[in-house]
Amino acid sequence: MSDTLAKTIRETLEGGRAGAVVFLLREGDGLMPHVARDASDPLIDKAYGGDERYPMATFAAVLQPRLEGNLAVVARECDRRMFIELAKFNHLDLDRIVIIGLPCSQALADACACDHPTPADSILPALAQPVVSTEDGLPETVPERLEFWMDNFKECIRCYGCRNVCPLCFCKECALDKEDLTGTGVFPPDIPVFHIIRALDMADRCIDCGMCENVCPAKIPLRTLYRQMRRLVKETFGYEPGLDVNEKSPFGELGDPERLGGVMHE
Ligand code: SF4
Ligand code: SF4
């Protein structure tokens, strides 16, 4: 993987497909993004292609306004979905992003229960079979489910890790910081309001990357929660975030019953 990755990064710069390439480097126990502008950059040989993930789209969105021309990014398929959503909200120019597709290993695809482990422009053949799961592991009945979520939410230490890592959580003013909504400085946060606010906000944006769940120190199954919201939006509106930059969220149509596919507020 690393030889192919380094070769592709150099070819991208030398061939003029992009003026800069972002990739990850191992730094101690963590990963750091690195920007290479020249094919002679020796750190290109150390480009990371392993299973650990990083919100590359967020970094690219911050970087892009500071660069001219195309920006290439070593990215997985979930990163591509982040790019698409960020472009819908004008947080980046998708026409100036070049994806150097990194396929996920079967171990990563299994861990993420991911049905899209290979990017369309992968630099290597697929390494994993898609994982298609219809099981959400939730209890059957509504009261049991309520109990399940309330038990989980009680563990929240309000670290904001889920919000901060999420590439699609970008509002300048966040409802989770509002004293009158979630009672700032309260531990655990107001249950379940804190989590419902975030789940509703993510319903038409979440691209199911699972990074929120990865960072949650309380081990709350956040991805399961947001998958429920995604499923509801898909079943109700036929809309799935992250697939098509020209397909806008149905939530933008709220207030116009004619355009809501017959879904009316009672
Ligand atoms: S899975 Fe979590 S981090 Fe990823 S987009 Fe959805 S809410 Fe954000
Ligand atoms: S990452 Fe987990 S513990 Fe931290 S605020 Fe989010 S849900 Fe709560």
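Which helices each supply at least two residues of the shell around ligand 1? I looked this up and found α9 (211-215) and α10 (222-237).

**Conventions**

I note that this is a predicted model, in which local features need pLDDT of at least 70, side-chain atom pairs count only at pLDDT 80 or more, and totals for chains, interfaces and linings use all residues. Residues are numbered from 1 along each chain as its sequence is written, and chains are lettered from A and ligands numbered from 1 in the order in which they are written.

**Overall form**

I counted ten helices and four strands in the protein; helices (H or I, at least four residues) and strands (E, at least two) are DSSP runs, numbered from the N terminus. Along the sequence, I read the pattern α-β-β-α-β-α-β-α-α-α-α-α-α-α. The C-alpha trace spans about 60 × 45 × 40 Å along its principal axes. I then checked the radius of gyration, which is taken over C-alpha atoms, the globule rule being 2.2 Å times the number of residues to the power 0.38. For 266 residues a compact globule would have a value near 18 Å, and the 20 Å of the protein agrees with this.

**The sheet**

I found an open sheet of four strands in the order β2-β1-β3-β4, with mixed pairing. Strands β2 (30-36) and β4 (97-101) are at the edges with a single partner strand each, so one side of each is left without a neighbour in the sheet. From one strand to the next the twist averages 30°; axes are lines fitted to C-alpha atoms, for helices over the stretch in contact, and angles run from 0 to 180 degrees between N-to-C directions. Two strands count as paired if DSSP finds at least two bridges between them.

I next went through the pairs that involve β1 (residues 20-27). Strands β1 and β2 run antiparallel and are joined by seven bridges. Phe 23 has His 34 of β2 as its bridge partner, and Leu 24 stands opposite Pro 33 in β2. The hairpin of β1 and β2 has two residues between the strands, and Gly 28 there takes a positive phi near 60°. With β3, β1 pairs in the parallel sense over three bridges; Val 21 has Ala 72 of β3 as its bridge partner.

I also looked at helix α2 (residues 56-63). Helix α2 lies across β1, β2, β3 (71-75) and β4, and runs at about 170° to β3.

**Two domains**

I recorded domain 1 (2-112) and domain 2 (142-259), with bounds from an automatic or database domain assignment. Their centres, taken over C-alpha atoms, are separated by 26 Å. The contact takes 15 residues from domain 1 and 13 residues from domain 2, two residues being in contact if their C-beta atoms, placed from the backbone, lie within 7 Å. On the side of domain 1 that touches domain 2, α2 and α3 (77-88) each supply at least two residues. Helix α3 gives the most to that side, with eight residues. By class, that side has nine nonpolar, two polar and four charged residues. Ala, Val, Leu, Ile, Met, Phe, Trp, Tyr, Cys and Pro count as nonpolar, Asp, Glu, Lys and Arg as charged, and the others, Gly among them, as polar.

**Ligand shells**

Which residues come nearest to ligand 1? I found 13 residues around ligand 1, of which Cys 166, Cys 206, Cys 209, Met 211 and Cys 212 come nearest. A residue is near a molecule if its C-beta atom, placed from the backbone, lies within 6 Å of it. The shell around ligand 1 divides into ten nonpolar, one polar and two charged residues.

For ligand 2, I found 13 residues around it, the closest being Cys 156, Cys 159, Gly 161, Cys 162 and Cys 216. The shell around ligand 2 has eleven nonpolar, one polar and one charged residues.
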